[in-house]
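Keep the 3D view open as you read.

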Amino acid sequence: MASQDKVRTSTAEDEVRVMAHNAKQWIASDEGQRAIKGALKQAAQTTSNEAKREIKPESLHTPVNL
Amino acid sequence: MTDQFSVLPYSIDNLQKIFSEKTTASQQVIANKLHRFYFENYFDFVEAKTVLVENHYIDRDFLEDFSGYYVRCFADYSRKCSRLHFFDIVFDVTNFENLLLGNEESVDLASLQAGYLGFIVLKPLPLTIIGRTCLKVYPTAEEKPEISRRYFPTVRNYKANLFGVTLKVKTLAFQEQDRVAAACATSALWSTFQATGILFQHLIPSPVEITKSATINSQLLARSLPSQGLTAEQIAQAILSVGLEPLLFEASDGNLLKNTLYAYLRSKIPVLMIVSLFDMKSSFPNCLGRHAVVISGYCLGLQKTQPYGQSGFLLKASKIDKIYAHDDQVGPFARMTFDGVPVPIITNIGQEDFFSISTSWVSPSSGNIGDVRAVPDIALIPLYHKIRIPFEVIQALVLSFDAFLETLRNQANLPLSQRIEWDIYLTSITEFKEEFSRLNVNRDLPKIEILTEPMPRFLWRASAFNGNEVILDLLFDATDIEQGHFFVRAIEYQSDLSIYLRTISKEPSLEASFQGNPEWKILEWFKYQSIPEN
């Protein structure tokens with residue numbers, strides 16, 4: 001039983017290694033480069049929209065008194 | 001029979017009578033106070049049965065306010081308060097006297113402690129009578145996950161010594177502003193310091209001390225006492241005066257507000273929020289003024305995480321549907337709901353819809369509770385000086401790393417069945433290692449290496465979930481500087497993902513794709529990890 005488990009684990013791990021190897025090749029491809037840069041640019045856009053939010057001076061100087 | 005205490009069956013009418021008898025407030029004033037409605041609902045919910053009135057109670061905070069202001073008034077104000085203790089068990093004066101004599105036949109110490117709901121100090125004033133209030137919180141998700149999704153991470157233990165009987169309650173203290181030594185911001189600061197004083201080991205000032213320290217550099221604008229309210233700058237000054245650093249953030253975006261509140265509250269740090277209150281029942285939303293509350297808890301009430309930004313980033317904090325605030329005009333842990341109702345406001349570019357949350361304030365127009373809405377403006381987080389990297393920096397990094405992983409999942413077989421859901425929050429080395437040491441992790445994980453690895457005192461932790469299973473932890477040094485190498489390490493709980501990330505990160509062209517962005521530091525860590533042999 002133990003040896004069957006071992007075989008099953010190794011097979012699953014082998015599959016992951018193959019998938020990772022293929023992913024590595026895809027990353028190096030033009031398509032992969034475009035996709036990754038596009039995703040990172042989109043993420044940066046969200047972050048930059050957040051950064052544009054400014055604190056108004058009156059928010060700092062108006063008394064809070066209710 | 002002593003006059004030091006009395007015992008009464010709990011009812012809202014009895015409570016109102018006690019409020020009136022033990023202060024100089026009229027029954028009419030008390031009947032109109034929002035606190036009365038709050039306490040009625042609260043004590044009904046927790047099924048209060050008995051109230052024990054401790055007469056002639058000396059409250060340290062009121063004594064400081066008394067010596068700072070009231071003692072120099074011409075009118076005679078008492079320096080002594082009353083303290084009301086609430087229980088969900090039934091007993092009378094004789095039962096309690098027997099207990100003090102050591103006879104525990106009718107009521108015993110254990111059941112008194114088990115049934116203890118907390119206390120309210122009544123200040124001997126004509127209007128603002130609610131002093132230090134420590135009431136047991138509503139059931140939390142940790143205690144009763146089947147019925148509650150509430151979290152109150154900012155609570156701490158309070159002890160009440162009742163004639164030699166020590167009673168304990170876990171909560172965060174609340175008190176109403178007295179409009180003299182304290183305005184709403186002072187009360188919010190006072191509650192905030194109740195939590196941070198224990199967390200970061202600083203002295204907890206009384207309301208009058210907070211008002212004086214807040215206004216020390218701005219005496220010309222308005223006199224400090226009686227307090228005319230504090231500006232955000234003065235609130236920041238009060239935070240600095242206890243040795244903490246105020247972190248300011250803009251709070252007008254609902255998603256960012258949820259994410260930020262969660263990230264700090266989860267590490268037990270309360271957040272002081274400044275809002276504008278709008279009466280929605282006047283002909284057009286009418287601004288009543290600016291108000292400060294302290295956010296002390298949250299409810300993860302939504303079933304699903306809500307996608308954020310263009311990449312559809314999933315953050316656990318987006319499940320928040322309510323926050324709980326110490327609102328000095330309402331009560332402790334008062335509910336404020338993210339219900340999606342905007343407030344239309346005329347600005348210099350025309351009418352705009354502003355994000356808002358519900359409140360329990362009474363509308364001056366309709367007289368109804370709930371017709372006043374809060375438009376969040378800014379928030380201040382009191383931080384220990386070593387907590388330097390703010391949440392927004394970590395969120396930006398993880399958001400970008402997530403976008404990269406999601407691209408791989410869609411196009412390059414990243415071995416995950418569904419999109420990652422992230423849980424980002426501040427933690428400490430102690431908390432992280434305690435929690436990690438309790439985990440049953442797979443044998444491939446270097447548990448000893450992680451537990452013995454030197455780490456900074458404060459960490460940002462981003463946990464990645466695939467469904468309910470945690471698959472990855474990213475740890476960041478919260479004490480570093482933003483341009484530093486503040487990624488500490490990853491903890492890989494899933495061997496498939498580990499092999500995959502360690503393999504792809506070694507692709508030479510990948511670093512160039514990140515164009516020097518700081519999120520590359522995360523992948524760089526994987527790059528330098530060896531790939532386990534078959």
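The secondary structure of chain B comes to 16 helices and 21 strands. Bear in mind as you look around that this is a predicted model. Along its principal axes, the C-alpha trace of chain B spans about 85 × 65 × 40 Å. For 534 residues, a compact globule would have a radius of gyration near 24 Å, and the 26 Å of chain B agrees with that.

How is chain B divided into domains? Domain 1 takes in 5-141 + 155-171, domain 2 covers 246-383, and domain 3 covers 391-527. If you place the C-alpha centres of domain 1 and domain 3 of chain B, you will find them 48 Å apart.

Let's begin with a sheet of five strands. This sheet of chain B is open, with the order β1-β2-β3-β4-β5 and antiparallel pairing. Which strands stand at the edges? They are β1 (5-9) and β5 (130-135) of chain B; each has a single partner strand, so one side of each is left without a neighbour in the sheet. From one strand to the next, the twist averages 15°.

To see one of the facing positions, select B:Ser6, which stands opposite B:Val53 in β2(B). Helix α1 (residues 12-21) of chain B packs on this sheet, where it touches β1, β2, β3 (81-87) and β4 (116-122) of chain B. The direction of α1 makes about 5° with that of β2(B).

Next comes a pair of helices. Helix α4 (residues 60-68) of chain B packs against helix α8 (residues 207-214) of chain B at an angle of about 55°, and their axes are 7 Å apart. The two helices, α4(B) and α8(B), are therefore oblique to each other. On the α4(B) side the contact is made by B:Asp61, B:Glu64, B:Asp65 and B:Gly68, while α8(B) supplies B:Pro207, B:Val208 and B:Glu209.

Now move to another sheet, made of four strands. It is open as well, with the order β18-β19-β20-β21 in chain B and antiparallel pairing. Here β18 (421-428) and β21 (487-492) of chain B stand at the edges, each with a single partner strand, so one side of each has no neighbour in the sheet. The twist in this sheet averages 20° from one strand to the next.

Working across from β18(B), eight bridges join it to β19(B), and these strands run antiparallel. Within that pairing, B:Asp423 has B:Ser463 in β19(B) as its bridge partner. Eight bridges also join strand β19 (residues 458-466) of chain B to strand β20 (residues 469-477) of chain B, again running antiparallel. There, B:Ala464 has B:Leu472 in β20(B) as its bridge partner, and B:Phe465 has B:Val470. The hairpin of β19(B) and β20(B) has two residues between the strands, and B:Gly467 takes a positive phi near 70° in it. Lying across β20 and β21 of chain B is helix α16 (residues 520-527), which runs at about 55° to β21(B).

Finally, zoom out to see how the two chains meet. How many residues of chain B are in contact with chain A? There are 50, and they are in contact with 36 residues of chain A. On the side of chain B that touches chain A, the largest share, 10 residues, comes from helix α11 (residues 391-411) of chain B. The residues on that side divide into 24 nonpolar, 17 polar and nine charged.

Definitions and conventions: Residues numbered from 1 in each chain as written. Chains lettered and ligands numbered in written order. Predicted model: local features only at pLDDT ≥ 70, side-chain atom pairs only at ≥ 80, totals over all residues. Axes fitted to C-alpha atoms, helices over the stretch in contact; angles between N-to-C directions. Parallel < 35°, antiparallel > 145°, perpendicular 65-115°, else oblique. Contact = placed C-beta atoms within 7 Å. Pairing = 2+ DSSP bridges. Nonpolar A, V, L, I, M, F, W, Y, C, P; charged D, E, K, R; others polar. Domains from an automatic or database assignment. Rg over C-alpha atoms; globule rule 2.2 N^0.38 Å.
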